[in-house]
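Hi,

Here is the model I promised to pass on to you. Have a look at it first, and then read my notes below.

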Amino acid sequence: MEKREVLTIGAALADLQLRPIPRDIFEKEVHTVERVALTIGGDAINEAVVITKLGHQVTLMSMVGADTTGQFVLNHCRENGIDYSGVRVREDIDTSINVGLLSEEGVRNCVFGRQNSMWAQSIEDIDFSFFDKGYKILSFASIYNHPRFDGKTLQTLFSKAKASGMLLCVDMVSRTDDSEENFEEMKKALSYADYFFPNYGEACGMTGKTEPEEIADVFLSWGIKNVIIKTGAKGCLIKNAEEMHIVPSYSKAVCIDETGAGDNFASGFICGLLEGRSFLECAQFGCAVASIAVESIGASTGVKSREQAQKRYQEYLELIK
């Protein structure tokens, strides 16, 4: 029987990364930058690539257009051993392309179009037959990243995932200006989550709190089982009903491009879950994996192998002793 471990749902697209972008970019007609790189991008495929490189099986469920960029995405899946049987190819849309404007410090500002695959994907594009194939984990790579997945829609999707026996991991991007009604529905959807991965800014915006531990308590009160608040270069705070830890980052990392750092963290964490690691160990491994990612241009280019990640993890453990 085919081994089935992770089913990840979300965006798969192309990232066009430009670095470094000066602050006065609109003051001159022509700019020359050190690096222009076309890389794979999108929350779900970032996770799929990294988890696969770390030695686990992933099926990607996403949507692309029947165009050159869509073929770029599918070819990347083939080259990296990702099962893309859940990717829908549509003739009537363009595959998303995100333009990443990177500062000298690696901070990214993103430009993307609304009329593309990421914005068009909806629950009608989800093949629920995959939910009954025995996957251990469903990772919904970002709430608020797909406008057609509102709170009620996600309740349907998440409840089916839990009924199928999967652990549910949920990440997010910043909350959009949705209605309070949808916000309440989103809270109900998140009550199904076993692990929730917002970053600090997203978590503040969603809860109205500023102290990480208080933020985590709000999320736990919604029914989320385990909360992981990513705090960038500082690491993360993790909390559930039994334990709370402040988990430091790998402080020796040199940040070139922060693109996909959160996706890489989630990938490392999910691998930890598959391997039976503790809550704390999962977060520590996630921090180690994310530290590799920021040292290269592109969301999923830094992590090369399990051996590389394991070496960094051991260095990380020595560093935080």
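**The sheet and what packs on it**

Keep in mind that this is a predicted model. I started with the open sheet, which is built from 4 strands in the order β3-β2-β7-β8, with mixed pairing. The edges are taken by β3 (35-41) and β8 (108-111); each has a single partner strand, so one side of each is left without a neighbour in the sheet. On average, neighbouring strands here are turned by 25° against each other, ignoring direction.

Going through the pairings, β2 (residues 13-19) and β3 run antiparallel and are joined by 7 bridges. If you want a spot to look at there, Leu-16 has Leu-38 in β3 as its bridge partner. Over at β8, the pairing with β7 is antiparallel too, with 4 bridges, and Val-99 sits opposite Val-111 in β8. β7 and β8 make a hairpin with 5 residues between them. Check Gly-106 in that turn: its phi is positive, at about 90°.

Helix α2 (residues 68-79) lies across β2, β3 and β7 (97-102), and it runs at about 70° to β3.

**A helix pair**

Next, have a look at α4 (residues 151-163) and α5 (residues 180-190), which pack with their axes 7 Å apart and at an angle of about 15°. Since the cut-off for roughly parallel is under 35 degrees, that angle makes α4 roughly parallel to α5. Their crossing is left-handed.

Who meets whom? On the α4 side the contact uses Gly-151, Lys-152, Leu-154, Gln-155 and Phe-158, and on the α5 side Glu-181, Asn-182, Glu-185, Met-186, Lys-188 and Ala-189. By type, the residues of this contact come out as 4 nonpolar, 3 polar and 4 charged.

**Aromatic pairs**

How many aromatic pairs does the structure hold? I have 13. One of them is Phe-197 with Phe-265: the ring centres are 6.3 Å apart and the planes stand at 75°, so this pair is edge-to-face. The cut-off for that label is over 60 degrees. Phe-197 is in the loop between β11 (195-196) and α6 (200-207), while Phe-265 belongs to helix α8 (residues 261-274), so the pair ties together parts that are 68 residues apart in sequence.

That's what I have for now. Over to you!

Cheers

Conventions
Residues numbered from 1 in each chain as written. Predicted model: local features only at pLDDT ≥ 70, side-chain atom pairs only at ≥ 80, totals over all residues. Heavy atoms only, no water. Axes fitted to C-alpha atoms, helices over the stretch in contact; angles between N-to-C directions. Helix = DSSP H or I, 4+ residues; strand = E, 2+ residues; numbered from the N terminus. Parallel < 35°, antiparallel > 145°, perpendicular 65-115°, else oblique. Left-handed = near helix turned anticlockwise from the far one by under 90°. Contact = heavy atoms within 4.5 Å. Nonpolar A, V, L, I, M, F, W, Y, C, P; charged D, E, K, R; others polar. Pairing = 2+ DSSP bridges. Phe/Tyr/Trp six-rings, centres within 6.5 Å; stacked < 30°, edge-to-face > 60°.
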